[in-house]
Amino acid sequence: MSPLAYIAAIIALAVVLFIWNRLPVVVVAMGIALALWATQVLTLGQALGGFGDPAVIFIACLFVVSAGLETTGVTAWAGQLLIRGAGQESRTRLLLLTMSLVAVLTAMISVNGAVAALLPVVVVMAVRLRRKSSQLLMPLVFSAHAGSMLALTGTPVNVLVSEAGLEAGVGGFGFFEFALVGIPLLLGTMAIIILFGERLLPQRNGAKMPADLSRHARTLVEQYGLADGVFQLRVRASSPLVGLSPSQVELSAFPGLQLVAMQDGESAAPLRRPVGDGDHMLVRGTAEAAATLAKRMHLSFREDTASDQGEETLFNRRSGLAEVVIPPRSGLIGQTMFPGMVTDSGDLIVLAIQRSGSETDVGTPESGRGSIALRTGDTLLLQGTWKALDLHLNDPDVLVVNSPELVRRQAVPLGPGAYQAIAVLAGMVILLSTGLVPPAVAGLFAAGAIVLSRILTVEQSYRAIDWTTVILVGALMPLSTAMGETGAAQLMAEGLVRLIGDAGPIALLAGLFMLTAVLGQLISNTATALIVIPIGMAAAASMGISPRPVLMSTAVAAAGAFLTPIATPTNLMVMGPGGYAFGDYWKLGLPLLMWFFVVSVFLVPLIWRF
């Protein structure tokens, strides 16, 4: 068999396997790369070369940046803004705001970056508003494709067609000149999704949907009886507590009050030094008793915790709560603990202990504080800084009910490190929009900054990367190389030009759109554009027409990668979280592709004349 026949067979088999959807998509993709090597269409280096491609590295870095935004609560903040703007019930407003935001962000940092940044936001929104993620994630991606035509930096294809115009001597396209077609594309995409999306998209969630933890703090303080009567008092310089060690502070003279902890005023961690001005005293009791304590001991209520709302006092940007269970064979079984004690690490406070879902009868030992010998199944409510919770809850002697990291991502908007993460994102946007460095370098700088600023550890960065997407993209890239080197794509394009003949420039645009759209569902739109642009330029020269409308039409067609999950990395990004099957994409994608066809073939020539 010839290389062309091998490629045709490999593509046909791959499409069948993708549609069959019984094998993992990563296995199919790796099979394509190995088949190209086994049939000697490509060398081993070429068949595996996609894993070292700068685009793959850039995509991996975007996942790290996205995780940094999510961990610091930036995405939770954006999600809250979207939910407040859209309201709880309005599907239309929710979609409009989501699609507008991703389109604008795409114009600045490309489709991959925008979708990677907003994907966790939309998933959290789906959970919080009790909507199916499949109804929101595909509209997110498809409107990002339309938004890529708003500016030169929206997609590499825009840069390619602009450079092709310069090389042809007809001039490139301005930075926002793409918006002349990008705005109609986006408006039409929004209209189709709003009018028909609910019927054309499936009603399902991904296999692993996160729980809604936005009200987690309130749930915990209510369950453990801390909703009322928890106060955080600030120590003044004139307080008699100044200079005492934390162990010397006791409240026996104030009936109805229990000392929970002395906290460092800067870090909110349990105090390990003598009490000083600005430190905090965390107490539990009645409001009257707390007011008496504050007056006699020269303490002040913090402005944001002047009421008895334990939720804000215990759960905020600096510190949080975690619920743990004592499992069988735990080393803590039999050990004595009491509410208010500090754990052995010195960083966490035991706020409450429950047995069988209710508060335990802890007795009254000589220390004046209730204590209990722990048993299997007991639950403890711990409080401490977010860093301490992350660090000390990996202990095998306890089972964490909800990961503090996951809770923080959803429930603490603009938490620690948020502004550094926003600065990193802004820096990456500037590098990408100005073209000072290649995208992969900008991504590496941004991911490195996320790690160096301690927003994420190296291990957390590894976990943040969606390796399925990265491997899939790297394994499928050699298919584009094979089609280019064997002349398969060139042969298809030349046949199309011969088929059109003298039908005119409109027919040429229609034919090039169909070719670009078909190839774009199987290989990357960048590779497709590299194949189609020279053919379109040659056809325009032979017809004696300007290549500018041909180039812009090609860019629009390349953006219409809607019909398959393998068409773009972003289509794949939402496949798992949205619970999509291979055949779900074309149902909504086909009407959108028809709209792109109308803009590409009929609107483009009205703006850029032949």
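These notebook entries record what I looked up in one predicted model.

**Basis.** Residues are numbered from 1 along each chain as its sequence is written, and side-chain values use heavy atoms, with hydrogens and water left out. Because the model is predicted, local features need pLDDT of at least 70 and side-chain atom pairs count only at pLDDT 80 or more, while totals for chains, interfaces and linings use all residues.

**Whole chain.** I noted 25 helices and 11 strands (DSSP runs numbered from the N terminus: helices are H or I with at least four residues, strands are E with at least two). Of the 610 residues in the chain, 54% are buried (under 20% relative accessible area, with a 1.4 Å probe and protein chains only).

**Helices α20 and α22.** I looked up how α20 (residues 505-520) packs against α22 (residues 547-559): the angle is about 30° and the axes are 9 Å apart. The two helices are therefore roughly parallel (an angle under 35 degrees, taken between N-to-C directions, with axes fitted to C-alpha atoms over the stretch in contact). From α20, Leu508, Leu509, Leu512, Phe513 and Thr516 meet residues of α22, including Pro549 and Val550 (contact means heavy atoms within 4.5 Å).

**Helix α10.** In α10 (residues 216-223) I found His216, Ala217, Leu220 and Val221 buried. These residues lie on the same side of α10 because their arc around the axis is only 125° (judged by the directions from the helix axis to the C-beta atoms). Just after α10, I noted that glycine 225 has a positive phi of about 70°.

How values were computed: Axes are lines fitted to C-alpha atoms, for helices over the stretch in contact, and angles run from 0 to 180 degrees between N-to-C directions. Angles under 35 degrees count as roughly parallel, over 145 as roughly antiparallel, 65 to 115 as roughly perpendicular and the rest as oblique. Buried means under 20% relative accessible area, exposed over 50%, partly exposed in between (1.4 Å probe, protein chains only).
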